[in-house]
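Biologist: Could we go through this structure together? I would like to begin with the strands and then turn to the ligand.

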Amino acid sequence: MKPDALILGIETSCDDSAAAVVRGGREVLVNRIATQVPCHQKFGGVVPEVASRKHLEAIAPLVRETLAEAGLGLTDLDGLAVTYGPGLVGSLLVGVSFAKALAYALGLPLAGVHHIEGHIFANFLAHPGVEPPLVCLTVSGGHTEIYYMPQIAEYELLGRTRDDAAGEAFDKVARVLGLGYPGGPPIERLSSSGDHNSVALPRGLAGEQTLDFSFSGLKTAALNHINQIRQTRGELNEAEKADLAASFQWAVVDVLAERAVKAAASRGVRTLLVSGGVAANGLLRETLTARAADRGITAHFPPRVLCTDNAAMIAAAGYHHLRRGVRSDLSLNAVPSLPLTS
Ligand code: KG4
Ligand code: ZN
């Protein structure tokens, strides 16, 4: 695989169909996302059966439009990369089947990519100087995990959530406050007018010597606070909603920043990558950057568009596999609970 290879990335693991073309593993030519958010909004979360059907409708036109925007034809491509897990099995299958068919028809090499590895590589697209050894925190609607990456494509799990993912907690609290789905952005907006010290909320696993997370206690405490006000006085006013949102956001950010910096320091690395949908959060970006800098560590975040699910990150990760001669064959299958191992 040549250094400036053109890779088409495909991502359909959850509720966004995405396609992108990346050159040389670092340069995004086109990055398109066909979001299903409006479709799932009325249910307050992703409905798997609806998601897979929507992917099926979207995928072929999306790839066609992506190549057209890049000014490329199918035969200009040097390889393909596709997310094959973890995620919703029906959704993953659409991307995997499409990518395999294309690879077979065009005679191109194919790389199956782990979704979290993709999130990690979003930072390689955004920051050309980033190189391992490093530690990365991936924090999204489905995952909250810290990995040590001694070199490209080698991963050691240092910590993970024992229950809810951080983004999932944002989504659940937002849902009860009537803020809609996904919950992170409206909670962040509402927080800006609230006092983050106003509601005392627990920090999961506080005092334990661990790099794991637990957000279910925090989520339940936030929901109890809302229900208590509703039962005694009726609906929360705007100021009360803002105070709760700010206190909740701060509790999540505080724990994420503390464990991520501790993990990086424990491995003696100077580079900390943060990725996934929750990495779009402004308070997390600010707090983590400052706390890392205090320990001589540089924290990197992708631009917001590359934080949430996209296919450019999948193409970037796939490029590194193909460059090392690691290819997937046509037996590649969707693996809903795929672990990230070396
Ligand atoms: O990475 P992603 O697009 O999908 C998954 O792989 O899960 O992440 C989506 C998650 C949702 O839970 C959403 O509420 C959260 O990321 N999110 C945020 C923000 N933007 C998105 N959480 C906090 N603050 C944000 N600004
Ligand atoms: Zn994701």
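Biologist: Which residue in strand 8 is the bridge partner of I146?
Modeller: The bridge partner of I146 there is G159. Strands are DSSP runs (E, at least two residues), and helices are runs of H or I with at least four, numbered from the N terminus. This is a predicted model, in which local features need pLDDT of at least 70 and side-chain atom pairs count only at pLDDT 80 or more. Residues are numbered from 1 along each chain, and side-chain values use heavy atoms, without hydrogens or water.

Biologist: In what sense do strand 7 and strand 8 pair?
Modeller: Strand 7 (residues 144-149) and strand 8 (residues 156-160) pair in the antiparallel sense over four bridges; pairing requires at least two DSSP bridges. Their hairpin has six residues between the strands, and A153 takes a positive phi near 70°.

Biologist: Now the ligand. Which polar side-chain atom lies 3.3 Å from an oxygen atom of ligand 1?
Modeller: That atom belongs to H115. A polar contact here is a pair of N or O atoms within 3.5 Å. The side chain of N281 has an N or O atom 3.1 Å from a nitrogen atom of ligand 1. For D309, a backbone N or O atom lies 3.1 Å from a ligand oxygen atom.

Biologist: Which elements give two or more residues to the shell around ligand 1?
Modeller: They are helix 4 (115-126), helix 5 (166-176) and helix 6 (184-191).

Definitions and conventions
Chains lettered and ligands numbered in written order. Polar contact = N/O pair within 3.5 Å; in protein donor to acceptor, adjacent residues only side chain to side chain.
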